[in-house]
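Take a first walk through this protein. We begin with the whole fold and then stop at single residues.

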Amino acid sequence: MKRLGIASVLLTCLAIGACSLLPTINAPVLQIFLWGGVDAPEAATVNERMRAPAGYTVKVFAEGLPNVRELLFTPSGDLIAAQAREGKVASIAPDRDGDGRSDGVAILMSGLNGPNGLALRDGWLYVAESDAIGKIRFDVAAAETRGELDRFITGIPGAGNHWTRGLGFGPDGGLYVSVGSSCNVCEEADPRRAAILRYEPDGSNEQIYASGLRNAVDFDWQPGTGRMFATDNGRDLLGDDFPPCELNEVKRGGHYGWPFANGDKIPDPDFGSDNQARIDASISPAFPFRAHNAPLGISFIRGTGEYQNAALVALHGSWNRTKKDGYKVVSLHWDADGKIEQRDFLVGFEKDEDVIGRPADVIEGPDGSFYISDDYAGAIYRVSRR
């Protein structure tokens, strides 16, 4: 079976000494090759580098959280954070003393297999590992877990290129799980890869809800309409500016093109031939992000203010471009005709090829501020009104 994965390309090129065949690699080396990172930026660096919208200020809210990814607020205002590569889930206390920073960090769970997606429902904390979904009793007032983790869904295809799993309960009460592809581009043996799965809340009735989604890292439902939107990372090794990453409106039974097409039904050079009918039947993106920007976390804003009903998206940043791109948080705004406009929300993680952070998730807090995880600096930022 024809299969093009980044790791296999790199290893082959190194084995035969064909350095000229290596793909363009321009990203923070510590993270790409060593899973490492840097220290959280000092306040002076944040003030100098980072720019939030007019009327907002940005500060480091918590640090010392290597590889922090998905975020979730509890009803009591504690922030739960998944540290995927660390195998941990942490609880981050609110700022009760008014100094602008969290009052402390506690580890809720450790020894997990790539925890990423998080959800709270009926007194249970749900955690998406690479190959399973677990739940554990959660005491909201104490911000503590009780008992042992119950992995009530197992056998999800894990590992491979895209091993983090998104998780969320939809307006219909269903449990949705995103499963990325195992490769850069290939035809998967397991149809549950490059897909979003749906379960009943007890883990029964597994269904492939949508497919052809190379790496739908995160998803959310639009307030008022209940429409489901997911970020999706486009494939690599086709140059600086193609293909686009995507925002997709996810519909039951929909196929979104991968691996046969990229962007707006453009045939893939490796898998597009002889698959025109499948390409024609695929669903085009709702919005194209710039190539290799790597959109990860997405959250619709449900509070009041100028960002109400907009979506915030964390652009993790490129690695497969000659010049870095992305490395910021953007807002998406729908007009009356459904057209989507992208605006910068928080910039400064990358400047003149120097990277001090990589946004991974962004959510709205109960205080009306916005919280952004950075898996490169191991930090969480708070963007709040002045």
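Helices (H or I, at least four residues) and strands (E, at least two) are DSSP runs, numbered from the N terminus. This is a predicted model, in which local features need pLDDT of at least 70, side-chain atom pairs count only at pLDDT 80 or more, and totals for chains, interfaces and linings use all residues. Residues are numbered from 1 along each chain as its sequence is written, and side-chain values use heavy atoms, with hydrogens and water left out.

Start with the whole protein. Its secondary structure comes to four helices and 30 strands. The radius of gyration is 20 Å, close to the 21 Å that the globule rule gives for 386 residues, so the protein is as compact as a globular protein of that length. Here the radius is taken over C-alpha atoms, and the rule is 2.2 Å times the number of residues to the power 0.38. Along the principal axes, the C-alpha atoms fill a box of roughly 60 × 50 × 50 Å.

How much of the protein is buried? The share is 58% of the 386 residues. Buried means under 20% relative accessible area, exposed over 50%, and partly exposed in between (1.4 Å probe, protein chains only).

Now look at the peptide bonds and backbone angles. Most residues other than glycine have a negative phi, and most peptide bonds are trans. A cis bond joins F242 and P243, with omega about -5°. P243 lies in the loop between β17 (228-232) and β18. Another cis bond joins W258 and P259, with omega about 5°. P259 sits in the loop between β18 and β19.

A159 is not a glycine, yet its phi is positive, about 60°. This residue is in the loop between β10 (144-154) and β11 (165-169). A159 is partly exposed, at 47% relative accessible area. E353 also has a positive phi, near 75°. Its loop runs between β26 (350-351) and β27 (354-355). E353 is partly exposed at 30%.

K251 belongs to the loop between β18 (245-250) and β19 (261-262). Its relative accessible area is 45%, so K251 is partly exposed. Leaving aside neighbours within four places in sequence, K251 is in contact with Y209, A210 and Y256.

Move on to helix α4, where A277 is found. A277 is exposed, with a relative accessible area of 61%.

S284 is in the loop between α4 (276-281) and β21 (287-289). At 25% relative accessibility, S284 counts as partly exposed. Beyond neighbours within four places in sequence, S284 is in contact with N248, D264 and K265. The side chains of S284 and D264 make a polar contact (2.5 Å). Such a contact is a pair of N or O atoms within 3.5 Å; within protein, one must be able to donate a hydrogen and the other to accept it, and residues adjacent in sequence count only if both atoms are side-chain atoms.

End with S318. Is this residue buried or exposed? S318 is buried, with a relative accessible area of 0%. Its place is the loop between β23 (311-315) and β24 (328-334).

Technical notes
Contact = heavy atoms within 4.5 Å.
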